[in-house]
Amino acid sequence: MRRLTRYGIILTAGLLAAGCSAGSSSSTSSGSSSGNTSTNSVLTISNENGALWTCGFNPLNSSYNLLSVGFTYEPLVYVNPLQSGKTTPMLATSWTWGAGNKSLTFTIRPGVKWSDGTPMTAADVAYTFNLIKKYPTLDLTGVWSVLSSVTATAPYTVTMDFSTVAVPYFYYIADQTPIVPQHIFSTIANPATASISHPVGTGPYLMSKCSPQNITYTANPHYWQPGLPRIHTLQYPAFTSNNTANDTLASGQAQWGAQYIPDIQAFYTSKNPNFHYWFPPVLNVSMVPNLTNPLLSNVKVREAISYAIDRDKVSTIGESGYEPPANQTGIVTPTFSSSLNSQALAAWGNGYDVAKAKSLLASAGFHPGSDGIMTNAAGQKLQFTVINIGDYSDWVASMQVIQQDLRAVGISINPSNLSNTDYQADLFNGHYQLAYVEQYTFGPGPYYELNNWLNSANTAPVGKQAASNYERYSSPATDKLLNQYSTTTDPATQQSILNQLQQVMLSQVPIIPVVEGVDWYQYDTSSFTGWPTSSNPYAQPPVWAFPDNEQVLLHLSPK
Amino acid sequence: MAMPVSGVPTDGSRAPAAQVPAGHALARIGRAIRSNRKAATGTILLLIFILVALFPGVIAHASPTQDAYPPRLGPSSAHLFGTNAYGQDLFAQVVWGTRNVLIIAFVVGLATTGIAVLIGVAAAYLGGAWDGTLGVLTDVLLVIPLFPLLIIIAAYAHGGTTIVLITAITLTSWSYTARQLRSQALTLRNRDFLEAARVRGERKLYVIVMEVIPTMTSLIVASFLTNALYAVLLSSSLQFIGLGDPNTVSWGTTLYWAENNAALQTGEPLWAIAPGFCIALLGAAFALLNYAFDEIGNPALRPVRRSKRVRRA
Amino acid sequence: MRYALRRLGFFVLTLWAALTINFLLPRLMPGNPALAMMSKFHSAGATPQTLRALETLFGVNNQQGLLTQYFGYLHQMLTGNFGTSLSQYPASVTSVIGSAIWWTLGLVGVTTILAFLLGTGLGIVSAWRRGGKLDSVIPPVFVITSAIPYFWVAMVLVLIFGITLHWFPSQGGYYVTTDTPGLNFTFFQDVLNHAFLPAMALLITTIGTWILTMRNTMITTLAEDYVRMARAKGLPGWRIMLDYAARNAILPNLVGFAMSLGFVVSGAILVEYVFNYPGVGYMLLQAVDGEDYPLMQALFLLITVAVLFAVLAADILTAILDPRTRAAR
């Protein structure tokens, strides 16, 4: 007995000793090193991706591009969505639109080298686009739905011809397409599915080491912008859960975060005065009615729903105040405030007006039933199910608030919290009554989201998959406006069309924006400066946004 | 979950109380509970929880689901456990959650014990091939790890409502107590009073239902307690990892929301600690009662009371 | 020998049962849940072979009869083809599992050994000194600790030692950015550091059963005649306690150990979840979250097989050590 106790004590003491000493030493070996030269600077990223790394870096394949575009591969032009599409030339130095905006010519930057020393030319650009044409699965943004040809007309000139005039596609062509080396890709047997473990690109970083748990990038010594990048090493660990990723930020081990952190004041910013966050709003999160539903096809019912929701409360309770309330025009503010049709919005009035909601329902022929739910003369009740993503606890919480708000005006909704797969299946195929939705793609202006919602080309009948117009909205007049927008480069014309589109949102209420979805972004200024902030939004801040991530990396420098 | 607490379970070491009819057995049990400290503590705890489950509105006046209060408040006289990040009163959540937990505990406990009695006693009495097959079925289910099995069942069902949880847990957890009951039934087979019944000409079913089962009362009650305990732990674990229905009010789902909101790291520890503590308390109640039944059944295990006056010269 | 063969037969039978349950479950659920998963694989660009393998595993789009599917499934399982992981696409399931096994083995293995040593030790002493201070404290305390949910103990430890006192890290297996796995001292130290709290959580909740079971069997053994004989012979107390009583009392514990292993595994899953410890249990829950059914299936089978092996080993060990069981069988 005594023997056993002694061993037990020694064992515990040993473990404790190991624990305490290891605990103290590892806290100094993490991440940033202040006051050192740039050759020793290490930036650690915290972005929970839900899986370990597969160590593939093919920039054209969506399974791998997260880790390569922006770090190793670059686009022709950087377009800043947070500054109304302000452009920064990257691999292209200038560009011009041809007559009637039916062609686009880029001048390619000379003197840029691939990381293996080969010079980059217009041939690589043309090759990239034609490769995408050859393998349609690589056309993630659909550029070949509007392009007819891409040719290198001179060693440093590329001309693109359009089959349809589509000025807004400049963003997808110039900003969202990474340029790949012809001399490498042409030797790969199946470039569409190849994983590519040793990427060769023009970008500021080289991939130096990859394991399933962590990727290390080091600065490209032959990068075409002299003196850049200023941070020598990047560490990009793989996180499979939010908690671990959040912990590395809170402990200072990681300095650049893209995390949803509950109660961020208590969890993060209170731990260190250098910890900051900024959540730029980007897309609406909306209550989406299925317009084929007979009760929801009544615009007054939809208007009532819009006026019944207390968006401030949804924002505070459901989203901890991180996602600001949206408005019925669908313009995300403050990001796109310059495009807001303030007069039209003022005419709409206060977005939360219970009395107005009730009177709208009354004028639509509904009266409260014995159970408090609005019923019309035919006995139809305003009772709907709402599909929601069960995994997003903030969306589930928001829906609880919305449910309570709608009940107060006599509309009863029953949330159906689904898995992501089931949700998408129901949403895309139109098998729902109401849905809580945020669009999947973002663009450098309100046009992109509105086009996704309102363009009849993006919808499909119930039972077939709709691309982005899930509510099955279709209006020839609106389509005409949207097509007009895509043919012009004149900002004044564009704004006038946007104003009319906002009128459509207010008068026809095809969707009901509730709150504005944001980019999660945390940054630590202890060792690095140059971060994008709300006063200096030079790029979309999260590390998964490409090619914006490259801009952030180029602006950062060690203290 | 807890592991089996009683003495070596497989070979019927638990002696039956005595050969007395059921009514007397229950009265004896009642007396034993009062005299045994562990049993008394366990019973009192259990009764408190039952009261809370029956009259939650009397104890907690706030609504457990309305986001009615300022979020993230600490404990105060208005909110005994404070409020969570959604502005819900935590005390109300814990109080109202008791109902769901106890329903699961009792329903699963009864159903599982019922199945276990059926299979265990039938195996012992039918003997031969029946015993062989049922025995193998029991043993196989005993060894297959339950929690991972429940996880994949719940995963395929995309998260279970209370009914799904009850069904899944009942269908998979009966084997342990079935084995215990079978062992004891086997030892009883050749007792005199049963021989007497057989000689009298009673049918097998009569013998099983009216003579054997009442004799095993204490073991059956203990089985019920064990199964109820596991039901509580298994169901709250499943709810905690998100495989329950997050919209029901239950201790496990409160823990799920607490974990999702990093309650521990954001200075709202009570959100996670309080419901967990209740689970522990309820579990302790069942376990204490179970352990007390061990002592009642096996007098050798009862605490030795040393008399202080004993002093050998 | 016959005993060993019978136990082996039982092992094979249970393995077959587990495989069959695994086969039937997705097919029994209303609206085959694997359908949605298949469409995800389609959009990820899976090759026809990958898709075919998955179809056999889950019975989707399968024109074959149930029995044909069943044999195809068994063939795949027994040749180790568990399909492709969805969440770590395009890695195969077997390659994904490999990394996680060692973490769980280490955590569970070490904790179980510790719990066994400490637990049986305390149980022996407590039974030996019945009525003493130790014995009056131990049973109630450990009855309660063995009824506490694993995840709550883990959370309390995280709160006290991780967050408030900052004594130990409360997340992960090691610091991924600064340490590389390998046989170096810093890595080893880091691993111990991260494993301490999870191990404590498992230890606290599992030790109770060891203590109590050991105590109960010791008490029964101490009442035996040969112990009384040893006392009459005048042997020293500790010798009787260890050589006569404990030796015999410990054997039933081994049988109990095998059955309790299922609970230890369940506890490990929850502890890994709370600590985000990169083991097999954590990976199972991640797979559930990501609807990665091939990975989930394979992990369930892995856990079951591991438990079965342990049970088989314990049974055979008991047979070897205890002549009574050999004679009785």
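Tutor: An angle between two axes counts as roughly parallel under 35 degrees, roughly antiparallel over 145, roughly perpendicular from 65 to 115, and oblique otherwise. Axes are lines fitted to C-alpha atoms, for helices over the stretch in contact, and the angles run from 0 to 180 degrees between N-to-C directions. Two packed helices are described by this angle and by the distance between the axes. This is a predicted model, in which local features need pLDDT of at least 70, side-chain atom pairs count only at pLDDT 80 or more, and totals for chains, interfaces and linings use all residues. Residues are numbered from 1 along each chain as its sequence is written, while chains are lettered from A and ligands numbered from 1 in the order in which they are written.

The scores of the model are ipTM 0.87 and pTM 0.81.

Let us begin with the two chains themselves. Chain B contains 13 helices and zero strands, where helices (H or I, at least four residues) and strands (E, at least two) are DSSP runs numbered from the N terminus. Read from the N terminus, its order of elements is α-α-α-α-α-α-α-α-α-α-α-α-α. Chain B has 313 residues, and 54% of them count as buried; buried means 20 or more other C-beta atoms within 10 Å, exposed 12 or fewer, and partly exposed in between, with C-beta atoms placed from the backbone. In chain B, 72% of the contacts with a separation of 6 or more come from residues 24 or more positions apart; a contact requires C-beta atoms, placed from the backbone, within 7 Å.

Chain C likewise shows 13 helices and zero strands. Its elements follow the order α-α-α-α-α-α-α-α-α-α-α-α-α from the N terminus. Among its 329 residues, the buried ones make up 53%. For residues at least 6 apart in the sequence of chain C, 72% of the contacts join residues at least 24 apart. Taken along the principal axes, the C-alpha atoms of chain C fill a box of roughly 80 × 55 × 40 Å.

We may now turn to packing inside chain B. The axes of helix 11 of chain B and helix 12 (residues 251-260) of chain B lie 7 Å apart, at an angle of about 30 degrees. These two helices are therefore roughly parallel to each other. Their crossing is right-handed; in such a crossing the near helix is turned clockwise from the far one by less than a right angle, whereas anticlockwise is left-handed. Helix 11 of chain B contributes Ser235(B), Ser236(B), Leu238(B), Gln239(B) and Phe240(B), which meet Trp251(B), Gly252(B), Thr253(B), Leu255(B), Tyr256(B) and Glu259(B) in helix 12 of chain B. By class, this contact has five nonpolar residues, five polar and one charged. Here Ala, Val, Leu, Ile, Met, Phe, Trp, Tyr, Cys and Pro count as nonpolar, Asp, Glu, Lys and Arg as charged, and the others, Gly among them, as polar.

Next comes a pair inside chain C. Helix 11 (residues 280-289) of chain C and helix 12 (residues 293-321) of chain C cross at roughly 150 degrees, and their axes come within 9 Å. Helix 11 and helix 12 of chain C are therefore roughly antiparallel to each other, and their crossing is left-handed. Val280(C), Met283(C), Leu284(C), Ala287(C) and Val288(C) of helix 11 of chain C meet Leu295(C), Met296(C), Leu299(C), Leu302(C) and Ile303(C) of helix 12 of chain C. The contact consists of ten nonpolar residues, with no polar and no charged ones.

Finally, consider where the chains meet. In chain B, 51 residues are in contact with 59 residues of chain C. Helix 5 (128-143), helix 6 (146-156), helix 11 (217-240) and helix 13 (269-297) of chain B are the elements that give two or more residues to the side touching chain C. Helix 13 of chain B supplies the largest share of that side, twelve residues. The side of chain B that touches chain C comprises 40 nonpolar, eight polar and three charged residues.

One pair across this boundary is helix 6 of chain B and helix 12 of chain C, whose axes come within 10 Å and cross at roughly 165 degrees. These helices are therefore roughly antiparallel to each other, and helix 6 of chain B passes helix 12 of chain C in a left-handed crossing. Pro148(B), Ile152(B) and Ala155(B) of helix 6 of chain B make the contact with Met296(C), Phe300(C) and Ile303(C) of helix 12 of chain C. Its residues divide into six nonpolar, no polar and no charged.

Technical notes:
Two residues are in contact if their C-beta atoms, placed from the backbone, lie within 7 Å.
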